[in-house]
Amino acid sequence: MSAVTSTERLQRLLALVPYVVSRKVVGLAETAADFGVSERELVDDLNLLWCVELRAPDPYCPIDLSYEGGEIMVSQAESMGRPLRLAVDEASALLVALRMLAELPGLEDRSAMSRLIAKLEAAAGEAASASAQVAVQVDLQGDGTDGLAAQIGAAIAAGRRVHLRYYVPGRDEATERDVDPMRLLVVEGRPYLEGWCLRAEGMRLFRLDRVLALTVLDQASAPPPEATPVDVDQGLFRPSPDDVHVELELSATGRWVAEYYPCESVSELPDGRLRIVLRTPDTGWVRRLALRLGEDGRVIAPPDLVAEVRDAATAALANYVV
Amino acid sequence: MSKRKTERLLGLVVCLLSTSRYLSADQIRQAVPGYPEQDELFKRMFERDKEDLRDLGVPLETGLNHPFDDDPGYRIRQQAYELPELRLEADEAAVLGLAARVWQRAELAGAAAGALMKLRAAGMDAADEQSARQAIEPRLGTPEPAFGPLWEAVRDRRPVTFSYRAAGRSEPQRRELEPWGVVNRHGRWYVAGRDRGRDATRVFRLGRIAGPVKFCGPPGSVTVPDGVEVRELVRDWDSAPAREHPAVLRVRSGTGVGLRQHAVSVRADDTGTPGWDLVTTRFADVGSFADYAASFGPDVVVLDPPDLREAVIARLKGVLA
């Protein structure tokens with residue numbers, strides 16, 4: 001059995017009775033799936049509920065249920081027929097996320113959103129008012145990306161291909177490409193278009209703040225069967241065996257780099273300096289980063305990138321010699 | 001996990017829910033199986049059980065049935081316990097599923113899952129909730145270890161202390177804060193409140209908090225001043241200043257795409273070697289614009305103003321130092 005605590009199991013038991021009551025009769029398999037437990041664990045739970053006994057003033061069993069033939073029925077639930085109200089954290093988690101969703105451009109069903117927020121606030125009562133005081137709020141990045149997101153949302157809904165003019169800062173290059181849009185992702189406050197890129201013949205993520213122009217085409221979007229969306233919960237950018245390991249040494253002023261870019265490792269050096277290792281498929285942006293950092297960040301490895309940065313700086317300085 | 005403890009807690013909830021009168025600790029011991037005979041042991045166990053139930057959000061009430069009673073009794077009022085009637089349409093359940101997934105890999109994932117379980121228990125169909133159109137998928141992360149304790153501190157209105165490494169400083173400093181709210185902006189978490197040491201409103205980035213966040217006062221001891229908009233505080237702290245200074249740059253043709261986006265004017269440079277454009281643009285701050293211009297390496301040359309030009313040269317010399 002998984003390592004759940006007594007109180008976690010109690011929460012499940014308290015939800016189980018009203019779950020069955022509200023459905024009158026429900027299958028074991030379906031119930032187990034909804035609660036994320038095995039059927040065996042579920043049967044253990046049901047037996048435990050059925051065995052609850054109060055001894056005084058007169059002994060009695062408050063809960064009566066059966067699960068014969070794989071169908072659960074509760075014939076007596078006493079005062080446990082309704083679920084426990086939402087706790088502050090539970091109400092807050094949902095309301096904070098909903099308020100963020102409500103602000104997202106590109107979301108079509110706003111009426112369901114506002115109806116749901118109103119119902120939850122009413123049902124959560126005091127717990128909801130606490131969530132307003134908690135004031136966890138989310139601002140999305142990218143001024144001017146709202147219109148883009150709405151355009152993309154509409155293109156996805158209509159099943160149309162789009163044409164992008166897209167900026168690749170690592171190469172300081174504007175690229176032109178046709179994309180079959182599949183989803184709009186918002187991860188770490190940053191909106192992305194995920195779709196099948198016809199030029200790269202692969203799934204690609206496009207940051208909306210780097211889209212220079214977007215046109216919805218007349219052609220139908222037709223991603224091939226192998227076009228499968230990324231599992232956002234595994235992280236958007238997955239390391240590849242072809243990645244280059246880049247080692248940088250940062251001054252105290254350059255420490256922000258470790259906050260901005262996902263690092264493979266970060267180690268503290270004296271005087272607030274840091275040594276970091278980044279993994280990247282493309283070192284173009286690291287060269288630009290090193291030029292920007294000047295003495296606040298030095299590439300240590302790989303050697304050809306060290307040379308590339310020095311050459312770029314030397315060539316750039318030559319432009320200033322008049 | 002102890003099955004005996006789960007059984008005892010469940011019995012305690014059922015027992016207290018089914019009474020309208022307050023039950024004394026002794027009556028509870030008689031009714032609920034699983035409590036020890038010995039008084040001291042019972043007392044300790046009962047105290048812990050009460051705490052566990054309150055942590056779960058079970059509204060355990062304490063009171064007297066009669067003004068002359070010696071010891072307080074306990075009960076759970078059905079109305080305070082129950083989730084009110086909540087009927088969700090299929091489209092509402094779909095949006096709810098989307099909202100719960102926002103926290104999937106983050107600090108509040110457990111809370112979101114707990115809420116879903118209760119709403120399913122209230123009759124919501126799990127199939128509806130998973131049917132959300134996959135066209136949009138938002139996620140919030142909480143990689144900063146400080147998020148958990150600060151969320152609790154804001155929720156419970158408790159002051160905290162932590163050490164904080166301000167931008168560009170090498171040594172972290174001790175801060176004592178009355179937190180008013182936690183805000184995510186551009187994917188990063190911030191906390192705003194009154195810095196006790198400085199007696200002023202301050203905003204901190206959670207990623208710069210070094211080491212643990214500790215409570216330094218009881219729940220309820222922080223008062224959020226009326227009219228405070230935490231979101232505005234963070235926005236002001238973080239927002240970029242206006243671009244008001246003009247700059248003239250030489251930019252190699254076909255390069256500097258990002259830079260040209262904000263240009264006031266672009267024209268071919270016919271004064272020197274061919275293949276260059278003259279780009280006029282505006283910037284906010286010499287330091288950060290010099291960083292940006294230097295990042296283009298040999299493709300961008302600052303002509304004016306002189307202080308910007310010097311700053312870029314200094315960056316480039318720094319690379320070679």
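Two strands count as paired if DSSP finds at least two bridges between them; strands (E, at least two residues) and helices (H or I, at least four) are DSSP runs, numbered from the N terminus. This is a predicted model, so local features need pLDDT of at least 70 and side-chain atom pairs count only at pLDDT 80 or more, while totals for chains, interfaces and linings use all residues. Residues are numbered from 1 along each chain as its sequence is written, with chains lettered from A and ligands numbered from 1 in the order in which they are written.

In chain B, 4 strands make an open, antiparallel sheet, ordered β10-β11-β9-β12. Because β10 (265-268) and β12 (300-304) of chain B each have a single partner strand, they sit at the edges, with one side left without a neighbour in the sheet. From one strand to the next, the twist averages 25°. β10(B) is joined to β11 (residues 276-283) of chain B by 4 bridges, and V266(B) has V279(B) in β11(B) as its bridge partner.

Turning to the nonpolar cores, these are sets of buried Ala, Val, Leu, Ile, Met, Phe, Trp, Tyr and Cys residues joined through C-beta atoms within 7 Å; buried means 20 or more other C-beta atoms within 10 Å of a residue's own, with C-beta atoms placed from the backbone. The largest has 80 residues, and L94(A), A97(A), V13(B), A99(B) and A115(B) have the most contacts inside it. Helix α4 (residues 88-103) of chain A gives the most to this core, 10 residues. Apart from it lies another core, of 34 residues, including V286(A) and A294(B).

Notes
Buried ≥ 20, exposed ≤ 12 C-beta atoms within 10 Å, placed from the backbone. Axes fitted to C-alpha atoms, helices over the stretch in contact; angles between N-to-C directions.
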